[in-house]
Amino acid sequence: MNIAEIAELAGVSKAAVSRYFNNGYISEEKRQAIHKVVEETGYRPSVQAQTLRTKKTRMIGVIVPKIVSASIGRVVEGLLSALNEHGYQMLLAVTQNSPEKELEYLSAFSAKQVDGVVLSATVLTPEHNQLLKNLSVPVVIVGQRLPGYCCVFHDDYHASYDLTKLLLKKGRKRLGYISAVRQNQAVGAKRYQGFKDAVRDAGYGELADNFVTADFTIQSGYEKAGELIKRCGELDGLVCATDTMAAGAVQYLREQGIPIPEKVLVAGQGDSDMARVMEPPLVTVHYAYEKSGELAVRILMELLSHGEGAGKEVKLSYFIVEPDMY
């Protein structure tokens with residue numbers, strides 16, 4: 001079947017059918033008539049024909065560092081929910097934490113393979129800046145702030161600051177910190193800076209040196225917790241950049257026979273399912289990951305529809321999750 005036949009069966013013009021399939025305005029009466037014919041005939045418009053006619057693919061490229069991350073999974077859930085609502089499909093690219101792969105996918109998506117891009121960035125290099133500047137499709141960055149570009153990011157600094165203050169308030173005066181790589185501005189640099197400023201403001205500036213840098217894995221959290229304790233001696237609190245690192249630290253402490261939280265109070269960030277089911281549950285920070293995905297799509301739709309929103313920045317809030325037992 002074609003549009004002309006659908007129009008004849010529905011008793012409307014071909015233009016009305018075209019507007020129906022392209023989400024244009026038509027009266028509710030005509031919409032219902034066309035919908036009835038579509039349902040009865042099982043008609044589906046040709047995606048290839050629509051792409052040739054409108055120069056739109058109805059596809060959004062999404063670049064993420066990995067898929068096993070709980071936080072990335074929640075961002076993707078938010079993206080999918082919003083994209084489905086707007087009638088777009090997702091083309092997902094996974095970089096395995098490789099900045100070079102991010103650049104490759106950005107270049108591929110720039111060649112009009114998609115209508116727009118959502119980049120869940122980790123490390124933003126000068127090469128990223130240059131490529132983003134020359135991108136032929138609109139892009140929204142999630143999880144990092146890059147001035148001059150549309151970004152949805154979290155208040156990582158104050159979240160880590162307040163989390164550290166909470167442990168200090170609970171009488172933990174010999175704190176350590178497990179950090180992500182500092183090249184990652186949000187999870188690495190900002191969260192460590194929050195810890196550093198919190199201990200300094202509380203009069204314990206020397207604690208800022210009690211840190212190690214870990215990968216985003218349980219194994220690395222385990223290894224780095226051991227390294228930190230061997231270097232710094234006894235600690236009574238441990239703040240981690242992520243829940244995954246914190247889970248590894250807890251595993252190490254248990255194997256050493258160190259009671260948690262009696263001897264060492266461990267805190268993570270991310271409010272993952274893992275943090276809730278651990279025994280004892282982690283003190284952690286809730287970030288609005290799903291919301292960040294939804295907002296990224298909303299901004300991208302504004303760019304695609306009206307060209308508005310260029311350089312728009314949205315910083316999302318957070319809250320600390322403290323289990324009742326603490």
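Biologist: Which helix supplies the largest share of the lining of the second largest pocket?
Modeller: The model is predicted: local features need pLDDT of at least 70, side-chain atom pairs count only at pLDDT 80 or more, and totals for chains, interfaces and linings use all residues. Residues are numbered from 1 along each chain as its sequence is written, and side-chain values use heavy atoms, with hydrogens and water left out. Helix H5 (70-85), helix H9 (185-201) and H11 each give the lining at least two residues; helices (H or I, at least four residues) and strands (E, at least two) are DSSP runs numbered from the N terminus. The largest share of this lining, 5 residues, comes from H5.

Biologist: How much space lies in the second largest pocket?
Modeller: A pocket is an open set of points on a 1 Å grid over the protein atoms alone, where a 1.4 Å probe fits, with protein on both sides within 12 Å along at least five of seven lines; lining residues have an atom within 4 Å of a point. Grid points are joined across faces, edges and corners, and the volume is the space filled by probe spheres set on the points. For the second largest pocket, that space is about 560 Å³.

Biologist: Which residues of the lining are the closest to the centre of the second largest pocket?
Modeller: The lining of the second largest pocket divides into 13 nonpolar, 14 polar and 5 charged residues. In this division Ala, Val, Leu, Ile, Met, Phe, Trp, Tyr, Cys and Pro are nonpolar, Asp, Glu, Lys and Arg are charged, and the others, Gly among them, are polar. Of the 32 lining residues, the closest to the centre are Ser69, Ser71, Ile72, Phe216 and Tyr289.

Biologist: Which residues of H13 are buried?
Modeller: Helix H13 covers residues 289-306, and its 18 residues should span 26 Å at 1.5 Å a residue, which agrees with the 26 Å between its end C-alpha atoms. The expected span is 1.5 Å times one less than the number of residues. Buried means under 20% relative accessible area, exposed over 50%, and partly exposed in between (1.4 Å probe, protein chains only). The buried residues of H13 are Tyr289, Ser292, Gly293, Leu295, Ala296, Val297, Ile299, Leu300, Met301, Leu303 and Leu304.

Biologist: Against which elements do the buried residues of H10 pack?
Modeller: Helix H10 (residues 218-232) reaches 21 Å from its first C-alpha to its last with 15 residues, close to the expected 21 Å. Its buried residues are Ser220, Gly221, Tyr222, Ala225, Gly226 and Leu228. They pack against strand S6 (175-179), strand S7 (211-213), strand S8 (237-240) and H11.

Biologist: Is glutamine 251 buried, exposed or partly exposed?
Modeller: Glutamine 251 sits in helix H11 (residues 243-255). Leaving aside residues up to four places away in sequence, glutamine 251 touches Ile218 and Tyr222, where contact means heavy atoms within 4.5 Å. Because its relative accessibility is 37%, glutamine 251 counts as partly exposed.

Biologist: How far apart are the C-alpha atoms of phenylalanine 195 and alanine 208?
Modeller: Phenylalanine 195 belongs to helix H9 and is buried because its relative accessibility is 0%. Beyond residues up to four places away in sequence, phenylalanine 195 touches several residues, including Tyr161, Leu175, Ala208 and Val239. Phenylalanine 195 and alanine 208 are 13 residues apart along the chain, and their C-alpha atoms are separated by 7.4 Å.

Biologist: What is omega for the peptide bond that joins isoleucine 260 and proline 261?
Modeller: Proline 261 lies in the loop between H11 and strand S9 (265-267). The bond between isoleucine 260 and proline 261 is cis, with omega about 5°.

Biologist: What is omega for the peptide bond from glutamate 279 to proline 280?
Modeller: Proline 280 is placed in the loop between helix H12 (273-277) and strand S10 (284-287). The bond from glutamate 279 to proline 280 is cis, and its omega is near 0°.

Biologist: Is aspartate 271 buried or exposed?
Modeller: Aspartate 271 is found in the loop between S9 and H12. Although not a glycine, aspartate 271 has a positive phi of about 50°. With a relative accessible area of 5%, aspartate 271 is buried.

Biologist: Is glutamine 96 buried or exposed?
Modeller: The loop between strand S2 (89-94) and helix H6 (99-110) holds glutamine 96. Glutamine 96 is not a glycine, yet its phi is positive, about 55°. At 69% relative accessibility, glutamine 96 counts as exposed.
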